[in-house]
Amino acid sequence: QRLILKTISCCESKTLAKMIDSYVEHLQVVPESLLVHIYGIFKVKVGFLDSFYLIVMENLRAFIEPNSIRAIFDLKGSTYDRKVMKSNNLVGKYNRRMTLKDIDFMDLERSISMSIDDEDRIMEILTKDGLFLASFGLME
């Protein structure tokens, strides 16, 4: 459970291959980076089937006590196709293992509380990570 395997497109694998040296350098310069740790990208060909690409990543959930997790969100800062719960009637009735998205976060009226010092530190890290991603045209 320490690793996640995920399929990615050929285009995504090429983009990651182009940025891998800079990615490694970024993680060395910003060791507290919140970017996921990538351990490998593979092109897989099985028999006569079309090839596909796999990425091996660190599973951040493996380092968290399962009972301490109240909800899991995959937040991207977008509302397009960013809802898992089909009805607002499900608020409070979702499976804790379910990965919810941006609109679910808003529907559940979630907030993230932290100290000013923690907020400043996280914003500093997110800014560095964001600038790194922007340098490859992956975000604005």
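Let's start with lysine 128, which is partly exposed, with a relative accessible area of 33%. By that I mean it falls between buried, under 20% relative accessible area, and exposed, over 50%, using a 1.4 Å probe and protein chains only. Lysine 128 meets glutamate 124 in a salt bridge between their side chains, at 3.3 Å from N to O. For a salt bridge, we ask for a side-chain nitrogen of Lys or Arg within 4 Å of a carboxyl oxygen of Asp or Glu. Both of these residues lie in helix α3, four residues apart, about one turn of the helix. Through salt bridges that share partners, Glu32, Arg121, Glu124 and Lys128 are joined into one network.

Before going on, please keep in mind that this is a predicted model, where local features need pLDDT of at least 70, side-chain atom pairs count only at pLDDT 80 or more, and totals for chains, interfaces and linings use all residues. Residues are numbered from 1 along each chain as its sequence is written, and side-chain values use heavy atoms, with hydrogens and water left out.

How many salt bridges does a search of the whole structure find? There are five. Another of them pairs lysine 83 with aspartate 107, at 2.5 Å from N to O. Lysine 83 sits in the loop between β4 and β5 and aspartate 107 in helix α2, so this pair ties together parts that are 24 residues apart in sequence.

Now for the whole chain. It has three helices and five strands, in the order β-α-β-β-β-β-α-α along the sequence. Helices here are DSSP runs of H or I with at least four residues, strands are runs of E with at least two, and both are numbered from the N terminus. The mean pLDDT is 85, and 87% of the residues reach 70 or more; pLDDT is the predictor's confidence in each residue, from 0 to 100.

What makes up the largest nonpolar core? Eleven residues do, including Leu16, Tyr23, Ile55 and Phe132. A nonpolar core is a set of buried Ala, Val, Leu, Ile, Met, Phe, Trp, Tyr and Cys residues joined through side-chain atoms within 4.5 Å. Its largest share, four residues, comes from α1. Leaving aside neighbours within four places in sequence, phenylalanine 132 is in contact, meaning heavy atoms within 4.5 Å, with Met19, Ser22, Tyr23, His26 and Leu35.

Let me finish with a loop residue, aspartate 81. Most residues other than glycine have a negative phi. Aspartate 81 has a positive phi of about 55°, although it is not a glycine. You will find aspartate 81 in the loop between β4 and β5. Is aspartate 81 buried or exposed? Aspartate 81 is exposed, with a relative accessible area of 59%.
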